[in-house]
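Take a moment with the sequence and the model before reading on.

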Amino acid sequence: MLVGVCDFPGSYAFPPAGYGGIERWLWAVAVGARAAGADVHLLGPGWLTDLEHDWVRKPVRLEDVSTGSLAERELRDTEYDLLVVGHEYPSLPAWTRTWNELDCDVATFQHSPVFQHTATAFDGQRSRLYCYSPEMIERYADHRPIPELAVHLGLDEEEPPATAGTDLVWLGRIDEEKAPHIAVRASQILGRRIRIVGPVFDEAYVRRHERLFSADHVKWIGELGGPAKTAAIADASVFVYTYARKYVEAGAAVFGESLRAGTPMAALTWREGTCADAALCDETGAVAVVDPREEDETAARRLADAIEQAESLDHQRVQAIGMQRFDPARHFQAMSARSC
């Protein structure tokens, strides 16, 4: 099987060293496809040039290819079986025009809860859209979505054997939508230290919760990538996951990252059917579902209970489940099969 994994214009490198959503997913699919025995081409100029010694890298984007051009002929003659792309591409006329000249499938994962696709972008067979959670399946029901947990990988983020860690950890972008202040308050209720890992996207949000964020039990780590990022997760006793009431998580990378590192998760959600419900089970974490009408303090106390519950879980068992549930080869095999 010949697979083309397409980059797209963005601010992160392919593959990324720390953060990025679609970028990390595309890299995981490329790695997973190769592990599953497929031949893989990295399409587009965004892929790091130092990958060329180990990967076939073709710096062409389908949307830039002209009708009847040599580039179009070369793409057609390559005879790809599957193209894996960012979710925007199947709705871009210039991209789909070139793709329609190729006799291959296309698959993508929905990384945004708001992007609007064209009505004909997906047929569920030759063009397939995958969604993480029941919540996302419902949002994109018109496009025949297929349920699948996303796998994300970064550079040099291989997980060490699981060990029981010490402090709590929260990781992600720091802003109102991700709501880390609730995790900080939950750790304060428990008298536990918490490490906050990630870039600040909203300084005003941090200032609004300055009293919490500047408390003695909070340690600011900043943005990490590679082995340091993996270690920050693996060295924690529990990964604490939060988000704002109205925010919809399309497919958070942190579930796979935490479970593969052997760190159980305590998740705060505001409704049933979220990514946390799809990714976690009783052996890998605890989910606190809180009525969105409740105040932050109530949510923090419910989250604190979930942290205590998650802390009793076996880290080695968490890692074993995580390695299977978020295995790149398994993920590729699920996405490369046409739905019935």
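**From the core to the sheet**

The largest nonpolar core has 104 residues. Those with the most contacts inside it are Leu-26, Leu-83, Tyr-132, Ile-194, Tyr-241 and Phe-255. Helix H1, residues 22–35, gives the largest share of this core, 8 residues. All of this is read from a predicted model.

Look at Leu-83. A second core, of 8 residues, is separate. Phe-122, Cys-131, Met-136 and Ala-250 are included there.

Now turn to the sheet. In what order do the 6 strands of the open sheet run? The order is S10-S9-S8-S11-S12-S13, and the pairing is parallel. Strand S10 (218–222) and strand S13 (285–289) stand at the edges. Each has a single partner strand, so one side of each is left without a neighbour in the sheet. From one strand to the next, the twist averages 20 degrees.

One pairing can be followed in detail. Strand S11, residues 238–241, pairs with strand S12, residues 265–269, in the parallel sense. The two are joined over 3 bridges. Val-240 has Ala-266 in S12 as its bridge partner.

Helices come next. Helix H5, residues 180–190, lies across S8 (168–171), S9 (194–197), S10, S11 and S12. Against S9, H5 runs at about 165 degrees.

H5 also meets helix H11, residues 296–311. Their axes come within 8 Å and cross at roughly 65 degrees. The crossing is right-handed. On the H5 side, the contact is made by His-181, Ile-182, Ala-183, Arg-185, Ala-186, Ile-189 and Leu-190. H11 brings residues including Asp-296, Glu-297, Arg-301, Leu-303 and Ile-307. By class, this contact has 10 nonpolar, 1 polar and 5 charged residues.

Finish with helix H8, residues 226–234. Which residues of H8 are buried? They are Gly-226, Lys-229, Thr-230, Ala-232, Ile-233 and Ala-234. An α-helix has 3.6 residues a turn, so residues three or four places apart point the same way. What covers the buried residues of H8 includes H1, S8, S9, S11 and helix H9 (254–260).

Definitions and conventions. Residues are numbered from 1 along each chain as its sequence is written. This is a predicted model: local features need pLDDT of at least 70, side-chain atom pairs count only at pLDDT 80 or more; totals for chains, interfaces and linings use all residues. Side-chain values use heavy atoms; hydrogens and water are left out. Two strands pair if DSSP finds at least two bridges between them. Helices (H or I, at least four residues) and strands (E, at least two) are DSSP runs, numbered from the N terminus. Axes are lines fitted to C-alpha atoms, for helices over the stretch in contact, and angles run from 0 to 180 degrees between N-to-C directions. Contact means heavy atoms within 4.5 Å. A crossing is left-handed if the near helix is turned anticlockwise from the far one by less than a right angle, and right-handed if clockwise. Ala, Val, Leu, Ile, Met, Phe, Trp, Tyr, Cys and Pro count as nonpolar, Asp, Glu, Lys and Arg as charged, and the others, Gly among them, as polar. A nonpolar core is a set of buried Ala, Val, Leu, Ile, Met, Phe, Trp, Tyr and Cys residues joined through side-chain atoms within 4.5 Å. Buried means under 20% relative accessible area, exposed over 50%, partly exposed in between (1.4 Å probe, protein chains only).
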